[in-house]
Amino acid sequence: MINVVPPALIFIIGAFLIPLLKGRLKSLYMLLLPVLALIDLLYMPKGKYWIIKFLDYNLIFGRVDALSMVFAYIFVLITFIAVLYALHVKDDLQHVAAFCYAGGALGVTFVGDLFSLYVFWEILAIASLLLILARRTDRARKAGFRYFLWHFFGGLCLLAGIILYVHNRGTPEFGYIGLSDLSTYLMLIGFCLNAVVFPLHPWLPDAYPEATVTGAVFMSALTTKSAVYILARTFPGTAILIWAGAFMTCFPIFYAVIVNDMRRVLGYSLINQVGFMVCGIGIGTQLSINGTVSHAFCHIIYKALLFMSTGAVLHMTGKIRGTDLGGLYKTMPFTAICCIIGAASISGFPLTSGFVSKAMVLTAAAKGHLYLVWFMLYFASAGVFHHAGIKVPYFTFFGEDSGIRAKEPPINMRLAMGIAAFLCIFLGVYPYPLYKILPYPVDFVPYTAFHVLGMLQLLMFGALAFTLLILSGYYPAEMRAANLDTDWFLRMPGRGFVWLCQKPVVAFGNLIERISLRMAGGSSKSLPGGAVVCEDGVDKFYHVGLTSTPTIIYNWVKHLRTEVGYLPWNLAYVFICFIGFLFIMLLLGVIK
Amino acid sequence: MKKRRELTFLDPPENRAKFRMYFYIALLILLILDFFVHKHGHFSWELAPEFFAVYGFIACTTLIFIAKALRFFVGRKEDYYEKKRGLL
């Protein structure tokens, strides 16, 4: 019966063969991997299989039902498109990381136990980190470091939650979890961090604009949506998610209006779109879960399209700030059209994919009589058109002519954008293939005259506001600026901590060292007799002729000094070891 | 030297004005259509005439003015975080 392999394995093992191949064969191989995975998906029966016994627990790598299948299809589809988009990249690291990343997302989609979930969750974080670092700029390195810290925190919360959960229930298998005890709260925090729920969101607009052109396409699709999948699986109908989601749809649009980097604008609008999904999960009816899933499906395609078209601009011009761009439609009409199609889809224009999926969430909110949420979601719908729908294409391709005359991007990029743009329109005109694979039966008709007219009025009069404000000069001009977000509350104390380690602690260390040096018979110019400095590797080792008590003290102090220099790292290390220790204890059954 | 093909149809101001005119006409049609459509909303206000047009316009105007105010509170110089060295 089960003669197929886990699709995650195809990607992760397949990824490591990429560096061995060259030229056309490599391109062919990379395009073949998603196709193989898709065929694999088509042959996967529903049910639970690929169960591996590990100590006392069952690890389940194949929990296949309608919900996981939708997400698997879209992850494989978007991997194909994004790989096509990235074919020209010569850097093997990026290709390997991207496939591991997609493999991690597929793994998360199919796992049925919390331990393997955690492993795939961390694969997601690390592989995506590589896609940021592969940009190889100083800004990317720093943003990657912060990205890592955020996901590290989220991962640890999740792990702590998992350990408590397994300890309480005795099994790592999971289905619906729901909020009850501490463990579920911890897991919810871990999931919400990846689903960019306020206030755990700043990693996204911070890191995505610093990722590589092609890496950002993968990132826009995989991390947040696998978190949405897990939330839909474990926390449907959790009331707090309704409000969290509604708030997430609203606050990023204000930022998106004032942010300058176009990919950062898209980052904020990504939060806004995921807000619709989180809200749908919170409502938790069949209609709203269907809405969430179909919105995730469509969103992945049009958001990738937007990241691809702005990425193409960055690739061809080297510029991405609104202040540097403008008038590019003259020489990049194809990219401009793709960007406009993506923009129309994200805004939910009729006949595009955003319309047929977002309408479900909106209707679900109305059917639940959540009038305040309904107002917020419609406000966000008008707002998203305003920043992602108008601002991105307008300031990039139209607006004031920047004088840049860039060519169209390479053929593989154009093909990838073309496919994504086609899918956006296709799903908008004929959504039934999508409706057919949704987890619950669909009896929803998106195209009623009233829905279409309402949405058109909402969007077009939003556009009127934009036009009038631009003409009158009230519209906030594009400005180079850094905009503070909730991460300020972590970055400033973080700096304080680093300062504390670098300044007062080091000064104190210097003082102690000087005193002990004096006592051991040395001076500030010369080391005590018999001291040997060994600069092998990272650490400096000092060996002093250990003949008297003062020299022994000096030797200790020197060793300690080297350690103090790594204080933040050491603390993190101790923390990881502690969690790892708990984990091992749990596996061995000691804490039971 | 062969000159590269460029699209310039948005450069002349009269073309821009023409596009705006089409846009305003489209808006007018949307407003008129509102009276001929069967309405089936879940809330009473959805049935009010031109509700979505008014809400869309107000929403976007508010959005811009709040965003302008927000810039005053959260906007900093571009090198705000880079002034001092360090990873955070």
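Two strands pair if DSSP finds at least two bridges between them. Helices (H or I, at least four residues) and strands (E, at least two) are DSSP runs, numbered from the N terminus. This is a predicted model, in which local features need pLDDT of at least 70 and side-chain atom pairs count only at pLDDT 80 or more, while totals for chains, interfaces and linings use all residues. Residues are numbered from 1 along each chain as its sequence is written, and chains are lettered from A and ligands numbered from 1 in the order in which they are written.

**Strand pairing between the chains**
- β3(A) is joined by 2 bridges to strand β1 (residues 75-76) of chain B, and the two run antiparallel.
- Opposite A482(A) stands R76(B), in β1(B).

**Contact of chain A with chain B**
- Chain A puts 49 residues into the contact and chain B 42 residues, where contact means C-beta atoms, placed from the backbone, within 7 Å.
- Elements giving two or more residues to chain A's side include α6 (138-169), α10 (239-258) and β3 (482-483).
- The most comes from α18(A), with 16 residues.
- On chain A's side, 32 residues are nonpolar, 9 polar and 8 charged (nonpolar: Ala, Val, Leu, Ile, Met, Phe, Trp, Tyr, Cys and Pro; charged: Asp, Glu, Lys and Arg; polar: the others, Gly among them).

**Helix packing within chain A**
- Helices α3 (residues 66-85) and α12 (residues 286-317) of chain A pack at about 10 degrees, with axes 10 Å apart (axes are lines fitted to C-alpha atoms, for helices over the stretch in contact; angles run from 0 to 180 degrees between N-to-C directions).
- α3(A) is therefore roughly parallel to α12(A) (angles under 35 degrees).
- The contact of α3(A) with α12(A) has 13 nonpolar, no polar and no charged residues.

Methods. Two residues are in contact if their C-beta atoms, placed from the backbone, lie within 7 Å. Angles under 35 degrees count as roughly parallel, over 145 as roughly antiparallel, 65 to 115 as roughly perpendicular and the rest as oblique.
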